Amino acid sequence: MFTLANKTHGLIRGALGLAFSLITLGVQAHDHSRCAVDDRDREVCLHNAANRIATLSPGATELTYAAGAGDQVVAVVSYSDYPPEAQDVASVGSHTRIDLEALVGLAPDLVIGWVTGNPAEQMETLEALGMPVFYIEPRSVEAVADTIERLARLAGTEPTGRQAASEFRDGMAALTARYSERDPVPTFYQVWDEPLMGVSDEHLIGQVVQLCGGDNVFGDQHRLVPRLDDEAVLAANPEAIIAGGMGEENRDWLTHWEQYPNLAAVAADNLYFVPPSLIQRPTPRLMEGAQILCEKLEQARQKRGAS
Amino acid sequence: MVARLWQPLGLLALIAVAAMLFSLAVGSAQLSAAQLWAVVQGQGDALARTMVIELRLPRALSAFAVGGLLAVAGALMQVLLRNPLADPYVLGLSGGASIGALAAMLAGVGGVLISGSAFLGALFSTFLVFGLAHGSGGWTPSRLLLTGVVVAAGWGAVITLMLALSPAERLPGMLYWLMGDLSYARTPWPPLLLLIATCVLLIPLGRSLNVLARGPQQAAALGVDVRPLEWGIYIAASLLTAAAVTTAGSIGFVGLVVPHMLRLLLGNDQRLILPACALAGGTLLVLADTLARTMIAPEQLPVGVITALLGVPTFLFLLYRSR
Amino acid sequence: MTRLATQDLIINVPGRSAGTALNLTIEPGQVWGVLGTNGAGKTTLLHTLAGLNAPRSGQVCLGNKPLSQLRRRQVAQQLGLVFQERLDGFPATVLETALIGRHPYLSLWQMEGADDYARAEAALEALDVAHLRHRLVSTLSGGERQRVAMATVLTQAPNIWLADEPTNHLDLHHQSAVMALMAEQAAQGSAVMMCLHDLNLAARWCDHILLLYPSGEACWGPRDTMLVPSALERLYRQRLATVEVDGAPVFVPIQAPLTDHE
């Protein structure tokens, strides 16, 4: 019934949704079985499987869909572009600035927040209004799988969630088994160009570089996303440079490095592009991005033998 | 005599109430007149009540309080320096408060500590500007203004440094905050009570401020204890600025434009101008914030952008016309 | 009625180390003229007497109390000061400007009442600026502004008038009118002291004279003992011719070498 109501617009939907949850609250108040601990170590319990979910970051949207709860998502934020059907869901602003009124109007019974990405004050307001908020921020491969399972638990889609999580775990484990022990490739992963930014080993992308057998040249940086300059990169002299770029096929960031022919990565022609959407979000698509990244580093190893 | 004060104030109060009602009626969710009326009567469905009473009302009240505080702080600084260019933004008070608040945010503390830190920042900025401008001789308004402008530029650099050094995921929030944004506002009562208290305390001082506006010597000759009054104004302006900045980030132009416009319309009696600033500044920010949250909803604009976009052309027009 | 007195007062003029210690007593009913060259410290003296400038040494007494022990408000109820220079802060009308003279008498919560308005209107009338009451002060001529400033102090109704060149910018008629007003205030029991550049106004309207030399030296006394050509020529380093008109001396500067009187 409510998947149908999703398609209508206006307040009635929200009011009905709220009324519905109130009714179900009354009837099944004893059922406290759906609990999960979020990434702020709070236990969130629902009386019922979440039926109207609001996801307040593009990553949360993707994870919720991966957990099999896509049909229950009623609100997303801008840049929630994957899976494509998420683009048809009502937007409630950006993750940094949420239109609380629009969000409340959609009467969600579960809000998936982003620990450091959403403004704390707005989230406090939501909680004060009695909305259950489940904060997530997966920072490791295992955390991605675990988050999918927890979301599935709250949304009542455990079978799908378990399957997605184990597929992801197995895929990443296979990549690790295959590549992590190979000859280390000194690697620079470029997150952004102006200002120039890399990642540390703590960062999820840094972890992917490691499991592919890469040696992140800025891995021991104190900051998760260290800000760098060309000089630092020249001094570190990585054997491979991997960059995303703006858009999915834009190699501009890499051509920048060609002005330094003595840089090992340039000399060996190891400037590689990995689509940012596949690697910069902590979602199951990371497996695809990791696969590409591992293959690129493997190419770099092959070139060593050739020369 | 008293009517001369109450007539314009009554009119401004009516406009303020109208702006508040408008702001309660308009939002990204469409509520019908019937629904609104039901809410006013204490009925209506739970959702409409939540929207109006728990989301729109506190935000509108916060906007009103912040606008009023900034306009009154601006008017006070202008009397103090006898210069219509002075406002907390130009004089580095906002910058000092912003640094205090940003430092608290970076340190990961919240709530009251952010306000306290912002007030210390504003006060430190105050002492710095007054102390430096005083130098070896007495301070003149132009020297004070110049010192304030330079200190404000210094704060700008420190803010940029803090932004450059802060973790990337904090940047969007901090930037929004620096642009001035009311979606951070939680409870409207601290700034609102401060605004009311300030107005009640300033009304009896209004005549002294009128005399002070004619210069410190003239004021002293007419029986005003100039130095304590000047320090009192500066500290009060710091407090008002800090309260406004912690509620809604740094919002420019309200403190400059509102007192200036009201002076052109109502003359220079501070007993009238100060409460009028509280009402008109509040009204302006309520309207600007309503625009900010509805113009491209569900995306939310920072309200500081709207006040600047409204304030700059208005101010330039007034300046051009008053030549 | 109050008198203004100084005890061993040395005013604080930047760059001046010495000076005559002033022991003046300005009694109710007296009109004092302060004469001196540019930079001799006339304005500083008036501001020190009003308590706006701290003296280098000595003290000023209002009645029998040192000025420093009185609150500014108490001082302002007895002593009014006409400034030579005025700041235009924000635009204000002539009537508003005169009304601030009532400031020392009104309590914090009090608004100006009918009596205050009547006093301000009377003062504007007395200085011939009542017809300008709704004009902005910034739009007036120099002489008109001078008279508005006088009207403000008249509204303040002090017992002691300190006026810094009250005839500045004024035409002849208004010069006489303002001096007559000062004389009238003295006749009603006020003590008046004013800085003047016009010897003849001083000779005509003042009964006591204080001569201030650039060195900080000063001498004072009844008019007739002070306004003698030898003292004035030494003060101004300017030859003067003296004629008598209606029994009062009139001084005219003439082109002639200065003979040394010392």
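**Close-up 1. Helices H4 and H5 of chain C cross in a right-handed sense.** The model shown here and in the other views is predicted. H4(C) covers residues 114-126 and H5(C) covers residues 142-156. Their axes come within 8 Å and cross at roughly 140°. That angle makes H4(C) oblique to H5(C).

**Close-up 2. Residues of H4(C) meet residues of H5(C).** On the H4(C) side, the contact involves C:Arg119, C:Ala120, C:Ala123, C:Leu124 and C:Ala126. Facing them from H5(C) are C:Ala151, C:Leu154 and C:Thr155. By type, the residues of this contact divide into six nonpolar, one polar and one charged.

**Close-up 3. Chain A and chain B are in contact.** The contact involves 28 residues of chain A and 32 residues of chain B. Together the two chains bury about 2,500 Å² between them, and 58% of that area is on carbon and sulfur atoms. Three salt bridges are counted between chain A and chain B.

**Close-up 4. A salt bridge joins the side chains of B:Arg56 and A:Glu101.** The N to O distance in this pair is 2.3 Å.

**Close-up 5. A salt bridge within chain A joins A:Glu158 and A:Arg34.** The side chains meet at 3.1 Å, N to O. Over all chains, a search of the whole structure finds 31 salt bridges.

Terms used: Residues are numbered from 1 along each chain as its sequence is written. Chains are lettered from A and ligands numbered from 1 in the order in which they are written. This is a predicted model: local features need pLDDT of at least 70, side-chain atom pairs count only at pLDDT 80 or more; totals for chains, interfaces and linings use all residues. Side-chain values use heavy atoms; hydrogens and water are left out. Axes are lines fitted to C-alpha atoms, for helices over the stretch in contact, and angles run from 0 to 180 degrees between N-to-C directions. Helices (H or I, at least four residues) and strands (E, at least two) are DSSP runs, numbered from the N terminus. Angles under 35 degrees count as roughly parallel, over 145 as roughly antiparallel, 65 to 115 as roughly perpendicular and the rest as oblique. A crossing is left-handed if the near helix is turned anticlockwise from the far one by less than a right angle, and right-handed if clockwise. Contact means heavy atoms within 4.5 Å. Ala, Val, Leu, Ile, Met, Phe, Trp, Tyr, Cys and Pro count as nonpolar, Asp, Glu, Lys and Arg as charged, and the others, Gly among them, as polar. Buried area is the accessible area (1.4 Å probe) that two parts lose on being put together, summed over both. A salt bridge is a side-chain nitrogen of Lys or Arg within 4 Å of a carboxyl oxygen of Asp or Glu.
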